[in-house]
Every structure is written in C-alpha cells, then in structure tokens.
Amino acid sequence: MSKTTTVKARPLSPHLQVYRLIPTMLMSIVHRITGGALYFGMVLFVIWLAAASGSKETFDTVNGIYGSWFGRLVLFGFTWAMIHHLVGGLRHLVWDTGRGLEKATATKMAKAIIAVSIVLTILVWIIGYAVRGGF
C-alpha cells in the first residue's frame with residue numbers, strides 16, 4: 001500500500017472579516033468599553049473627593065481643571081459612559097428574564113440604547129446647569 005502525501009484542507013474558523021457589524025454586536029463592545037471607562041471616571045471622582053478633603057487651594061485647582069473646556073468634555077464623556085452602561089445593563093436585565101431575545105427586538109433595543117443614552121446625558125447636563133444657575 002502506498003501512502004498519499006496530500007493533506008486535506010481543514011476549515012478555518014471565521015475571523016473578523018467574515019462578520020458584519022450589527023447593532024447588537026456594537027452595543028456589546030461599547031458596553032464593555034464604557035465599563036472600563038467607568039474605572040477611569042471613578043479615579044477622577046476620587047481625586048475630586050481627596051481635593052475636597054484637602055486644602056482650599058487644592059480643591060480650587062482640581063475644580064479649575066474639571067471646569068475647563070477639556071475637563072467638562074471628559075466629565076460629559078464620563079456621564080455618557082455611566083448612563084450608557086446603566087441602560088445597557090437594564091437591557092441585559094430584560095434579557096435575563098427571557099424577553100427581547102428575538103433578533104428584531106434585540107436590534108431595536110440596541111438602537112434605542114444609543115438614542116436614550118445620548119438624550120439622558122444631555123438632559124442630565126441641562127438640569128445640572130439649570131440647578132447651578134446657568135452655563
């Protein structure tokens with residue numbers, strides 16, 4: 001008997017170029033990213049609390065940094081990450097009950113999360129500025 005030297009081609013696992021980015025996939029990725037971003041935001045919050053417990057000069061310095069245009073942009077992003085992660089977590093809570101798992105419903109929920117998180121973030125900042133006394 002003779003042995004053949006041909007090797008049968010094994011199928012390769014699909015890789016990223018095979019998949020099409022869909023809303024539910026994107027929201028899963030963004031949910032994980034916002035979860036990581038919340039760690040960074042908590043560090044900023046702890047710095048602010050530490051400055052509040054320190055001297056007036058330290059607190060004024062931190063407030064000056066956070067009150068700058070860049071600081072407000074970072075805080076706006078942190079607010080959005082927090083709200084987006086919360087709303088995404090609520091979506092997972094709904095899924096845990098066995099509801100909303102159909103493809104069409106899950107896609108609608110994923111699209112709604114983007115809109116709801118943006119609207120709530122803007123609303124929180126508008127209310128914050130209104131309570132504070134203006135922009």
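User: Buried means under 20% relative accessible area, exposed over 50%, and partly exposed in between (1.4 Å probe, protein chains only). Which of these classes does Ile114 fall into?

Analyst: The model is predicted, so local features need pLDDT of at least 70 and side-chain atom pairs 80 or more, while totals for chains, interfaces and linings use all residues. Residues are numbered from 1 along each chain as its sequence is written, and side-chain values use heavy atoms, without hydrogens and water. Ile114 has 37% relative accessibility and therefore counts as partly exposed.

User: In which helix is Ile114 placed?

Analyst: Helices are DSSP runs (H or I, at least four residues), numbered from the N terminus. Ile114 has its place in helix α4.

User: Which side chains meet in a salt bridge?

Analyst: A salt bridge places a side-chain nitrogen of Lys or Arg within 4 Å of a carboxyl oxygen of Asp or Glu. The structure holds 1 salt bridge. At 2.8 Å, N to O, its partners are Lys56 and Asp60.

User: How far apart along helix α2 are Lys56 and Asp60, in helical turns?

Analyst: Both residues belong to helix α2. Because Lys56 and Asp60 are 4 residues apart there, their separation is about one helical turn.

User: Which exposure class does Lys56 have, and which does Asp60 have?

Analyst: Lys56 has 58% relative accessibility and so counts as exposed. Asp60, with a relative accessible area of 40%, is partly exposed. The classes are thus, for Lys56, exposed and, for Asp60, partly exposed.

Definitions and conventions:
Helices (H or I, at least four residues) and strands (E, at least two) are DSSP runs, numbered from the N terminus.
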